[in-house]
Amino acid sequence: MSVRLKLTLSYAGFLMVAGLLLLAAVWLFLLRYVPDRAMLYNPDDRPTGGVFPVRSALLEVFAPRAAAVLAFLLVFGLVGGWILAGRMLAPLTRITEATRRATHGSLSHRILLPGHKDEFRELADAFDAMLARLEAHVAEQQRFAANASHELRTPLAISKALLDVARADPHADTGEVIARLHSVNARAIDLTEALLLLSRVNQRSFSREPVDLSLIAEEAAEELLPLAEKHGVTVETGGDAAPTSGSQALLLQLTTNLVHNAIIHNLPEGGAVRVTTGGRPGAVVLTVENTGDQMSPALAATLTEPFQRGTERVHTDHAGVGLGLAIVKTITHAHGGTLSVVPRRDGGLRITVALPEVSPSTGTP
């Protein structure tokens, strides 16, 4: 049976039970006190004369009318219950239709259930929110797949062109060709490793352990110090202990990506990078600031998307693979944190990673 039919029968059944209970109450509290044999009473003591009515006579009058009332209640319960159940289940019909559309690939449809806030409205709003997140996720995955295909195709096409040139001209300088092939192949390897890291982080297949972000920041800054000296950028670290929980390797990758980007995308001369750690209620914070060109908030908001680069800020030949901040964003979300990218008033960026704070001794929030 359908839910509507079940509700209809339930409404009618409850109505019939209520009617039977009412008749039982009439029998228990009224008819049981009526004598079952005729009784005479003194006409002088009563306003009317005659014989007091007996139980059998009342039953003969009452029973047919009670049966008619029960039959009416049954019909009324079935018809009214069917209509009421239909009105109550109408929102489910819209939700079911939206589910069917989503099953067939239409994620742009929304239920937008009107009316007051009730269980059906909450279910419809939650379903709309799920569709919105799913649509955004699918769109992001499609963009990522298209961009990844394009990025991977570029080094392969360059390699093929170099090999074709070398084969067409046997007397060409093979050393130069080999050097360019090595560079292109290294870029393809970096891109593939970045894609594999993104996939690993998205699956959250890593173990958690107590980690101090301040120690990781110092390690990343020390590792990238030669690169900073090469580009004439000063790196400064400071701040307080920042205990959190997560994968030390992934959090080191996150910090390294941030400091590396801050060094590469900086002023041509006299650039600076500042890495600080600290805490706020319920969270620990890692902040990486760098000097650089002015940037609009709209452009800064796109830098965490895969294969997005602030090309107007690049003053070197190291453009990267376009996944540095995308990896940072993914690692941050996998650890239950938030990422903020804000342009500085004097130029450059201020990137803030906030992660849940844990107790250094127990490793729990």
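Analyst: A residue counts as buried under 20% relative accessible area, as exposed over 50%, and as partly exposed in between, with a 1.4 Å probe and protein chains only. The structure is a predicted model, in which local features need pLDDT of at least 70 and side-chain atom pairs count only at pLDDT 80 or more, whereas totals for chains, interfaces and linings use all residues. Residues are numbered from 1 along each chain as its sequence is written, and side-chain values use heavy atoms, with hydrogens and water left out.

User: Why is Asp346 called exposed?

Analyst: Its relative accessible area is 64%, and the cut-off for exposed is over 50%; Asp346 is therefore exposed. Asp346 lies in the loop between β8 (338–343) and β9 (349–356), where strands are DSSP runs of E with at least two residues, and helices are runs of H or I with at least four, both numbered from the N terminus.

User: What does Asp346 touch beyond residues up to four places away in sequence?

Analyst: Asp346 touches Gly292 and Gln294, a contact being heavy atoms within 4.5 Å. The C-alpha atoms of Asp346 and Asn290 are 10.0 Å apart, although 56 residues separate the two along the chain.

User: What makes a set of residues a nonpolar core, and which residues have the most contacts inside the largest one?

Analyst: The members must be buried Ala, Val, Leu, Ile, Met, Phe, Trp, Tyr or Cys, joined through side-chain atoms within 4.5 Å. The largest such core has 46 residues, and Leu258, Ile263, Leu286 and Leu323 have the most contacts inside it. Elements that each supply at least two of its residues include α4 (174–203), α7 (248–264), β6 (271–280) and β9. The largest share, 9 residues, comes from α7. Leaving aside neighbours within four places in sequence, Leu258 is in contact with Leu286, Val288, Leu325, Val328, Ile351 and Val353. A second, separate core of 8 residues includes Ala98, Leu113, Ala124 and Phe127.

User: How do you know that the buried residues of α5 share a side?

Analyst: Leu213, Ser214, Ile216, Ala217, Ala220 and Ala221 are buried in α5. They cover an arc of only 160° around the axis, which puts them on the same side of α5; the arc is that of the directions from the helix axis to the C-beta atoms. An α-helix has 3.6 residues a turn, so residues three or four places apart point the same way. On the other side of α5, Leu215 and Glu222 are exposed.

User: How many of the 365 residues, as a percentage, count as buried?

Analyst: The share of buried residues is 34%.
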